Amino acid sequence: MMVERPWEPADAQNAPLTPEPDSVARPQEKHDYTAQRPPSAKPENVTRAAVIWTFTVVAILVLIALVIFMMQNQVQATVTFLGMQGQMALGIAMLLAAVGGALVVAIVAAVRIIQLRSRAGAAAKRLRN
C-alpha cells in the first residue's frame, strides 16, 4: 500500500532512496543575494536631529493626551495603600499607578543592563588574557 504525500511530486514516490553520486551532480545555480536583501528601514537622509524632533513631537502628543485624560477623570476616588487611606482624583491616581509601573520596569531593565555589561566585561577580560 502506497502512502500519498502531497508535498512530494508523483515521481519522487517511486524514486530510489539512494542519493545521487557526485559524478552526476547537478549544476549549481548562482543566486544574487544582494537583490534579495530587504530595503534598509532607515533611509540615508535621516539625521539625529530629525529623530529627536520626531520623538519630541510624539512625547508632546502623549502629554496632551494625559492632560486631557486627567481633566476628564476628576471624580474623587478613595485610595488605600499600605494601611493609609485618602481621597484623590481618579485620573491622578491612575497616572501615579502608571508612573509606578514604569519605574518598576526601568529598574528591572537597569539591573539587566548592568548584569549584561559585567558579563561582557568579564568575557573581554578573559579574551585579553
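This is a predicted model: local features need pLDDT of at least 70, side-chain atom pairs count only at pLDDT 80 or more; totals for chains, interfaces and linings use all residues.
Tutor: Residues are numbered from 1 along each chain as its sequence is written, and side-chain values use heavy atoms, with hydrogens and water left out.

Student: What are the elements of the chain, from the N terminus on?

Tutor: The order is α-α-α-β-β-α, where helices (H or I, at least four residues) and strands (E, at least two) are DSSP runs numbered from the N terminus.

Student: What makes β1 and β2 a pair?

Tutor: Two strands pair if DSSP finds at least two bridges between them. Strand β1 (residues 76–81) and strand β2 (residues 84–89) have six bridges, in the antiparallel sense. A77 is opposite M88 in β2.

Student: Why are α3 and α4 called oblique to each other?

Tutor: The axes of α3 (residues 48–72) and α4 (residues 90–128) cross at roughly 135° and come within 7 Å. Axes are lines fitted to C-alpha atoms, for helices over the stretch in contact, with angles from 0 to 180 degrees between N-to-C directions. Angles under 35 degrees count as roughly parallel, over 145 as roughly antiparallel, 65 to 115 as roughly perpendicular and the rest as oblique. The two helices are therefore oblique.

Student: Which residues of α3 and α4 meet?

Tutor: L66, F69 and M70 in α3 meet G91, I92, M94 and L95 in α4, contact meaning heavy atoms within 4.5 Å.
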